[in-house]
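Let's walk through this protein together, one region at a time. Keep the sequence and the structure side by side as you read.

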Amino acid sequence: MAEENRSQLFTILAVPFALLAVSNLLKPFQLGGEQTAFVFFGHRLSGTANMIAGPLFGLYLLAYSYGIWYQKRFALPMSHAYALYVVLNLILFMANNTRPPGVWYLYFGIVYAVIAIGVSVGAAVFLTARKAELS
């Protein structure tokens, strides 16, 4: 049904959000060190807050990815909420944290922001434009 008619763009969007969900589900383990903790509205979490927020956002992103994959209407408001969160989170992170010395951090930050905002806002725009295809 929906899978037979699904545009490749739905698949292309669903897979990265599923991978991001797995990443957030793993945040409590801090496999890459303290820097891999979950960032919530500009603040890197630790302890219990990290153990709760990371997996909760992981579950949110799993549901969102599922909604995109199966072209479910509930994914549309989720996309807008997530896009807004990403933009606010990036702005607040830059405002709340000092930038380490070196130009590499600036370049990384620009590339990261372009990708994060581009994918999250792009998904919201895409789903909004294709809302007639959502069930």
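Where is the place of Thr128? Thr128 sits in helix H5; helices here are DSSP runs of H or I with at least four residues, strands are runs of E with at least two, and both are numbered from the N terminus. Before going further, please keep in mind that this is a predicted model, in which local features need pLDDT of at least 70 and side-chain atom pairs count only at pLDDT 80 or more, while totals for chains, interfaces and linings use all residues. Residues are numbered from 1 along each chain as its sequence is written, and side-chain values use heavy atoms, with hydrogens and water left out.

Back to Thr128, which counts as partly exposed because its relative accessibility is 32%; buried means under 20% relative accessible area, exposed over 50%, and partly exposed in between, using a 1.4 Å probe and protein chains only. Leaving aside neighbours within four places in sequence, Thr128 is in contact with Leu76 and His80, where contact means heavy atoms within 4.5 Å. The side chains of Thr128 and His80 are joined by a polar contact of 2.8 Å. That term stands for a pair of N or O atoms within 3.5 Å; within protein, one must be able to donate a hydrogen and the other to accept it, and residues adjacent in sequence count only if both atoms are side-chain atoms. The side chain of Thr128 also reaches the backbone oxygen of Ala124, at 2.7 Å.

Now follow the chain back to helix H2, residues 8-25. Its 18 residues reach 26 Å from first C-alpha to last, close to the 26 Å expected at 1.5 Å a residue (the expected span is 1.5 Å times one less than the number of residues). At the N-terminal end, Ser7 caps H2, with a side-chain oxygen 3.1 Å from the backbone nitrogen of Leu9.

Which residues of H2 are buried? They are Phe10, Leu13, Ala14, Phe17, Ala21 and Asn24. Seen down the axis of H2, these buried residues fall within an arc of 100°, so they line one face of the helix; the arc is that of the directions from the helix axis to the C-beta atoms. An α-helix has 3.6 residues a turn, so residues three or four places apart point the same way. On the other side of H2, Gln8, Ile12 and Leu19 are exposed.

The buried residues of H2 pack against helix H3 (47-69), H4 and helix H5 (103-129). Let's look at the H5 partner: Leu9, Phe10, Leu13 and Phe17 in H2 meet Val119, Ser120, Ala123, Phe126 and Leu127 in H5. The axes of H2 and H5 come within 11 Å and cross at roughly 140°; axes are lines fitted to C-alpha atoms, for helices over the stretch in contact, and angles run from 0 to 180 degrees between N-to-C directions.

Helix H4 (residues 75-96) holds Asn89. Asn89 is buried because its relative accessible area is 12%. A polar atom of the Asn89 side chain lies 2.7 Å from the backbone nitrogen of Gly42.

Finally, turn to a loop. Gln71 is found between H3 and H4, and has a positive phi of about 55° although it is not a glycine. Most residues other than glycine have a negative phi, and most peptide bonds are trans. Gln71 counts as buried, because its relative accessibility is 4%.
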